[in-house]
Amino acid sequence: MLGLICVDVDGTLVGTGNVIRDDVWAALADAREKGVHIALCSGRPAIGNARAYAQRLDPDGWHVFQNGASVVKVSSGESLSEAFPPQALPQLIGRAHEAGRLLEVYTDLEFAITHPGDLAERHAALLGVPYEARTPDSLDGTVVRVQWVVPRTDEPAVVNEPHDGLDLHPAGSPVMPEVSFISVTRAGVSKGSAIERIAAHYGVPMDRVMMVGDGENDVTAMRVVGHPVAMGNADPPAVAASRYRVAHVDDGGLREAVELALTL
């Protein structure tokens with residue numbers, strides 16, 4: 001039996017229609033009762049639906065949000081955040097305005113947007129938070145991450161633009177399949193680096209950790225754990241980084257992964 005299972009959200013825990021299967025919740029609860037640590041490992045912030053998922057998985061445990069920029073214990077609010085380079089922020093905001101693109105700017109628990117409209121409103125609904133057209137200069141806390149929200153057809157152009165000193169983590173969601181979410185963090189910050197910190201806190205060696213994911217932003221985590229699992233709906237980079245493959249998210253693939261973790 002493994003010591004830690006890390007679970008991506010969109011396309012892994014959450015399927016089409018923003019639905020999580022009952023048998024998936026039951027399998028995760030069973031693993032936790034047997035002593036396995038369960039950690040959310042998402043590109044989403046620690047607010048709205050993602051926060052509720054983390055509380056249900058383990059209210060007293062550490063969870064990864066914002067592609068590793070936020071490592072949060074939801075019960076106490078303790079945070080091990082990685083600050084976004086302040087010199088890079090004005091450049092990206094300026095680029096967003098010039099190109100007419102949506103850039104989201106995040107602290108641990110709040111976010112602002114550069115371009116109000118349908119795309120921003122739909123993403124707020126996906127996150128499970130009220131839609132507010134806040135501007136980045138209205139944020140009070142430390143910025144930990146920004147995120148481009150663009151049509152999938154625009155992803156290659158955005159990824160190929162200069163992002164000096166930063167790492168990009170492209171991802172998608174079955175709820176908004178035509179959209180790319182390109183998370184941007186300080187260089188070296190990733191789901192993989194955050195999972196290493198959580199595993200060390202729990203005293204679990206990395207060869208006894210499982211990461212279950214479906215997107216390119218899960219690859220850094222899949223590469224550092226002993227048991228990387230790709231969902232049946234996974235993108236090619238995640239499949240290439242995996243050791244195991246399970247069913248599509250809508251067919252209970254995460255349940256299969258959890259059951260596998262209990263046999264290893």
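## Reading the model

Helices (H or I, at least four residues) and strands (E, at least two) are DSSP runs, numbered from the N terminus. Helix 3 is followed by Gly100, which has a positive phi, near 70°.

This is a predicted model, in which local features need pLDDT of at least 70, side-chain atom pairs count only at pLDDT 80 or more, and totals for chains, interfaces and linings use all residues. Residues are numbered from 1 along each chain as its sequence is written, and side-chain values use heavy atoms, with hydrogens and water left out.

Let's look along helix 3 (residues 89-99), where Leu89, Leu92, Ile93, Arg95 and Ala96 are buried (under 20% relative accessible area; exposed is over 50% and partly exposed in between, with a 1.4 Å probe and protein chains only). These residues lie on the same side of helix 3 because they cover an arc of only 160° around the axis, taken from the directions from the helix axis to the C-beta atoms.

Which exposed residues does the face turned away from the buried side of helix 3 carry? They are Pro90, Gln91 and Glu98. The cover over the buried residues of helix 3 includes strand 6 (102-106), strand 8, strand 9 (166-171) and strand 10 (179-186), where contact means heavy atoms within 4.5 Å.
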